[in-house]
Amino acid sequence: MNIEGMPEDERLAILDSLEAQRPGSSTLAGGTLAGPATPNRPNVPIWEYASYSEQHPDVEIDDLVAIRFPVIFYGGDEFTIYSAAEYLRTDPVPPPRPMGLDSIIDMWRHLHAAGIVAWDSEKRAVEHRQPISAYKAAVAEWGTHWRAREQTGGNDVPRGR
């Protein structure tokens, strides 16, 4: 398993195949199809992006948002490549409930505090420590808090745990 991403020629062949079957579909690619992990990415988890940017004046939060990092699923056999930018992408179809960067970071902070994910410094990757059912439950819990704040006019950063 190469958690940095699939070989580029394989990735491009899959995207070409998707595009041939459904024109425009390759622009929607996420995960490993969107590209490999960012080489030389900083050893910092997504839930610490805001504080990392504050502590490192030479690092802009926008640069961190674009960083692609591996996410290893529970059990360690499967993975994807992820970035905060993928959640913020609104083209070609905007999500029903747009999320801001603060919300994305807070969701990951909630997952980490709940013990669902942890940072693997050696691999510079997020690792799921619990099964998908626990992940889904934690995201649902976080989403309930987020929607409640949204309805009451609070900022988009629920403070859950």
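Two strands are taken to pair if DSSP finds at least two bridges between them. Strands are DSSP runs (E, at least two residues), numbered from the N terminus. The model is predicted: local features need pLDDT of at least 70, side-chain atom pairs count only at pLDDT 80 or more, and totals for chains, interfaces and linings use all residues. Residues are numbered from 1 along each chain as its sequence is written, and side-chain values use heavy atoms, without hydrogens and water.

Strand 1 pairs with strand 2 (residues 79–82) in the antiparallel sense, over 4 bridges. Phe69 faces Tyr82 of strand 2. The two strands form a hairpin with 6 residues between them. In the turn, Gly75 has a positive phi of about 100°. Strand 1 also runs parallel to strand 4 (residues 125–128), joined by 2 bridges. Here Val71 stands opposite Val126.

In a regular strand the side chains alternate between the two faces of the sheet. In strand 1 (residues 69–72), Phe69 and Val71 point one way, Pro70 and Ile72 the other. All four are buried (under 20% relative accessible area, 1.4 Å probe, protein chains only).

The structure holds 1 cavity of 30 Å³ or more. A cavity is a set of points on a 1 Å grid over the protein atoms alone where a 1.4 Å probe fits but cannot get out. Grid points are joined across faces, edges and corners, and volume is the space filled by probe spheres set on the points.

Terms used:
On a 1 Å grid over the protein atoms alone, a cavity is a set of points where a 1.4 Å probe fits but cannot get out, and a pocket is an open set with protein on both sides within 12 Å along at least five of seven lines; lining residues have an atom within 4 Å of a point. Buried means under 20% relative accessible area, exposed over 50%, partly exposed in between (1.4 Å probe, protein chains only).
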